[in-house]
Structures are given as structure tokens and as C-alpha cells.
Amino acid sequence: MKYRIIVISILSGILSSTTPEFIGEVLHYSAGFRIFPAGNATLSMSSDYLDDEMVYLLTTTVSTNSFLSNFYKVRDVVQSWLSTDNLSLKRIIKTIREGRYQLDHEARILGDSLAISVQSSIKLSGKVYDPVAYVYFLRMQTLLVGNRYHFYSYGETSMKEVFVNVTGIETIKVPAGTFRCFKIEPVSGDNKPLLKNNGAMRVWLSEDKLHLPIKIEQNTNIGTMVMRLKAITH
């Protein structure tokens, strides 16, 4: 009995030290365009299995409220299966519904060399990331103003080189509270717009050890979408 207790204690210590604190976490956001509410968004991370291998599953959802849906309905769901070693992408399923625009996309990453989907196969330069998953990668880092990170972002038809800069510290107020945050600004490696419609993106991560994504801004063709953290559940 003593031996079993010792083994269980050791295993529990190993698991608690190697499993990121955000596994099992669900982040709830209000989404809006500066002065008026637009809907809600969630980011959730859980454990899963892919081909009998333990992975992490990141699920991102965005939906417009009933009022805005009368004019421009959004129902987006993106599921990304990630390596437990470095959160790089292993599989992705996108179901995008934005007004009249629709996209259904699924792809698997084979090693570090090839992305396979129904539409095409893409040669890779190395590990690739879902851009939102890279935010979680940053949450595990020791952030300092002036730090710069680099990754390749997965797209349906190509990869994009991205540099991520920690540009400052700001105090951000959201429904979940007031937080001192690192301001994170990703930029494209080829000096072209990072996102469609000449879009840019900014993320504020809390200065504490959790590095929670407190606020996310993204430029779109109809204005600047702002996501503000309102609740955390597990």
C-alpha cells in the first residue's frame, strides 16, 4: 500500500508539472465592433487522442448575436489538434459561415514536411501552427518587452511566415476585471497584410504567470473586431 501511494504521488507530480495549466480551461469573450456588441466567442483547450497518441484539442468558436445575425450571420468553429510537445499543428477542421461566405476545410500534417487536405497537398518548411494555438505557446513562455518570436502559420493553400513582437505593457479593463498585460503584435514576414482584407491582429496577455488572453483585436473589412474576456470556466 505504501508503495502504491508513493507511485501515485510521483505520477501526480509528473503530470502536474508537465501538463499546461490551460488544459481544461474555457475562455468566454464578448465580441464587438468598438461601440456596439456583435456576439460571443470561446477558446477552449482539452486533452484528446489522435491516432492513439495523446494530443491537445483547441476549439475556437465565434457567433454573432441575434440582432447582427439579421444582417451578417457568423457561425465559425475551428478545431485544431496539437502536439503536446510544442503545440504545433497535427490536424485541423474549419467550419466557417460568415454571411454568404462558407468554408469547410480539413487537413492533416504529416511530420514536418507535408500538409494534406482534400483540396491540395502543401510542402512545409518545418512545424506549422494554428495562429490561435501560437497564443497558447506564448502563454508558456517567459515574456519580456522586446522579445520576438517566429513561426509558420497554416493556411488552406499556403504557409505564412509570422514574427511576433512583445511591444509593451498596458493596463486593460474587460468584463472579467482589470489586468496589466503584455501587448503582442504579430506581423507577416513578407510585409504583406497578416490577415485577409488588409487585416492586422493584436493580443494582450496578462502579466501574471497564466498569461491569459485578456483582449484580442482584429481588423476586418467591416471594422475592428474586439474580443474582451468576460469569464473563465473549466
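What share of the 234 residues in the protein is buried? Buried residues make up 44% of them, where buried means under 20% relative accessible area, exposed means over 50%, and partly exposed is in between (1.4 Å probe, protein chains only).

Some ground rules before going on. This is a predicted model, in which local features need pLDDT of at least 70 and side-chain atom pairs count only at pLDDT 80 or more, while totals for chains, interfaces and linings use all residues. Residues are numbered from 1 along each chain as its sequence is written, and side-chain values use heavy atoms, with hydrogens and water left out.

**The overall picture**

You're looking at three helices and 15 strands. These are DSSP runs numbered from the N terminus, with helices being H or I over at least four residues and strands being E over at least two. Of the contacts with a separation of 6 or more, 42% come from residues 24 or more positions apart; contact here is heavy atoms within 4.5 Å. The protein exposes about 12,900 Å², and carbon and sulfur atoms supply 55% of that (Shrake-Rupley method, 1.4 Å probe).

**Helix α3**

Helix α3 covers residues 131-139, and seven of its nine residues are buried, so the rest of the structure largely encloses it. The buried ones are A133, Y134, V135, Y136, F137, L138 and R139. At the start of α3, D130 brings a side-chain oxygen to within 2.7 Å of the backbone nitrogen of V132.

**Around D76**

D76 sits in strand β4 (residues 75-82) and counts as buried at 10% relative accessibility. Leaving out residues up to four places away in sequence, D76 touches T60, T61, V62, T95, I96, R97 and E98. T60 is 16 residues away along the chain, with 7.8 Å between the two C-alpha atoms. As for R97, the D76 side chain reaches its backbone nitrogen at 3.0 Å.

**Salt bridges**

Side chains of opposite charge can pair when their charged atoms come close. A salt bridge is counted when a side-chain nitrogen of Lys or Arg is within 4 Å of a carboxyl oxygen of Asp or Glu, and the count comes to ten. Here are some of them:

| Pair | Closest N to O |
|---|---|
| R91 and E106 | 2.7 Å |
| R97 and D104 | 3.1 Å |

E106 is partly exposed, at 36% relative accessible area. In the next pair, R97 is partly exposed at 25%, and D104 is partly exposed at 47%.

Salt bridges with shared partners link R202, K215 and E217 into one network.

What about the strands themselves? Two strands pair if DSSP finds at least two bridges between them. β13 (residues 201-206) and β14 (residues 213-220) run antiparallel and are joined by five bridges. They form a hairpin with six residues between them, and H211 in the turn has a positive phi of about 45°. β14 also pairs with β15 (residues 223-233), again in the antiparallel sense, over six bridges. K215 in β14 stands opposite W204, and K215 also stands opposite R228 in β15.

Conventions. Polar contact = N/O pair within 3.5 Å; in protein donor to acceptor, adjacent residues only side chain to side chain.
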